[in-house]
Amino acid sequence: MFRPTMLLVLTLLLLSHVSLAAKDPDENEIRRMRVKDIKKFLDARGIECKECVEKADFVRKALSVKTIPVSQHMEQVEVSSEPLWEQWKKVAVTNCEKDTSKPDLCKNVGVVVDNLLMRYAKKYAKDLSVQPNDLTKFTFTHPYKLAGEKIIRRTTQNMLVQGTKSNAKIQSSMEKPLAAWLRDCALQNINPMYETLNEEL
């Protein structure tokens, strides 16, 4: 007869084996999937493929996103009642201070983020009929938050390379990508977020 300890060890080994068996499908498995299964695979990761027509299109898209964890795009977040732009100003300054010891640059990055997001958040809330609180939540949900942080960090790095802390230059570098990011957040357009995250800093 098995001792209780031995039974426990065997049970743990079995559970470990089941866990490993539940890993994401590899390339060959994805290629063998039916289209409806590939669609479920993409949906579970919050990925759309409007341009996909043939099975080969769906396979190509699935292979490009197969390392994305399941369900993270559905993550629920709690945000404060502060306006979106004030919260992101703090995020910008905090992240900037991790990259440099130049407080004036970080202060200016925060000011620019505050000004840009205040302008575009009000615009998109009106133009796209998005509730301000919902828009704020979207920006702090994965992967939107990571993409927004990367855009801000990229500008900070550019300013360090150029040796400037000019508000005008910070805004010139940041406005277009940050405005596009916020609009995609409002539309819950997730694909550009992963494109941003895959880009070099």
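This is a predicted model: local features need pLDDT of at least 70, side-chain atom pairs count only at pLDDT 80 or more; totals for chains, interfaces and linings use all residues.
Visitor: What span does helix 6 reach from its first C-alpha to its last?
Guide: It reaches 36 Å, close to the 36 Å expected at 1.5 Å a residue. Helix 6 covers residues 103-127, 25 residues in total.

Visitor: And which residue with a positive phi follows helix 6?
Guide: Ser129. Its phi is near 55°.

Visitor: Switching to helix 8 and helix 9. At what angle do they pack?
Guide: About 170°, with their axes 10 Å apart. Helix 8 is residues 144-162 and helix 9 is residues 167-187.

Visitor: Parallel or antiparallel, then?
Guide: Roughly antiparallel, because angles over 145 degrees count that way.

Visitor: Which residues make the contact?
Guide: From helix 8, they include Tyr144, Ala147, Ile151, Thr155 and Met159. Helix 9 gives, among others, Lys169, Met174, Pro177, Trp181 and Cys185.

Visitor: How do the contact residues divide into nonpolar, polar and charged?
Guide: Eleven are nonpolar, five polar and two charged.

Visitor: New topic: the second largest pocket. How much space lies in it?
Guide: About 160 Å³.

Visitor: Which residues line it?
Guide: Ile47, Lys61, Ser64, Val65, Thr67, Ile68, Asn191, Tyr194, Glu195 and Asn198.

Visitor: Which elements give two or more residues to that lining?
Guide: Helix 4 (55-65) and helix 10 (191-198). Helix 10 provides the largest share, four residues.

Visitor: How does the lining split by class?
Guide: Four nonpolar, four polar and two charged residues.

Terms used: Residues are numbered from 1 along each chain as its sequence is written. Side-chain values use heavy atoms; hydrogens and water are left out. The expected span of a helix is 1.5 Å times one less than its number of residues. Axes are lines fitted to C-alpha atoms, for helices over the stretch in contact, and angles run from 0 to 180 degrees between N-to-C directions. Angles under 35 degrees count as roughly parallel, over 145 as roughly antiparallel, 65 to 115 as roughly perpendicular and the rest as oblique. Contact means heavy atoms within 4.5 Å. Ala, Val, Leu, Ile, Met, Phe, Trp, Tyr, Cys and Pro count as nonpolar, Asp, Glu, Lys and Arg as charged, and the others, Gly among them, as polar. On a 1 Å grid over the protein atoms alone, a cavity is a set of points where a 1.4 Å probe fits but cannot get out, and a pocket is an open set with protein on both sides within 12 Å along at least five of seven lines; lining residues have an atom within 4 Å of a point. Grid points are joined across faces, edges and corners, and a volume is the space filled by probe spheres set on the points.
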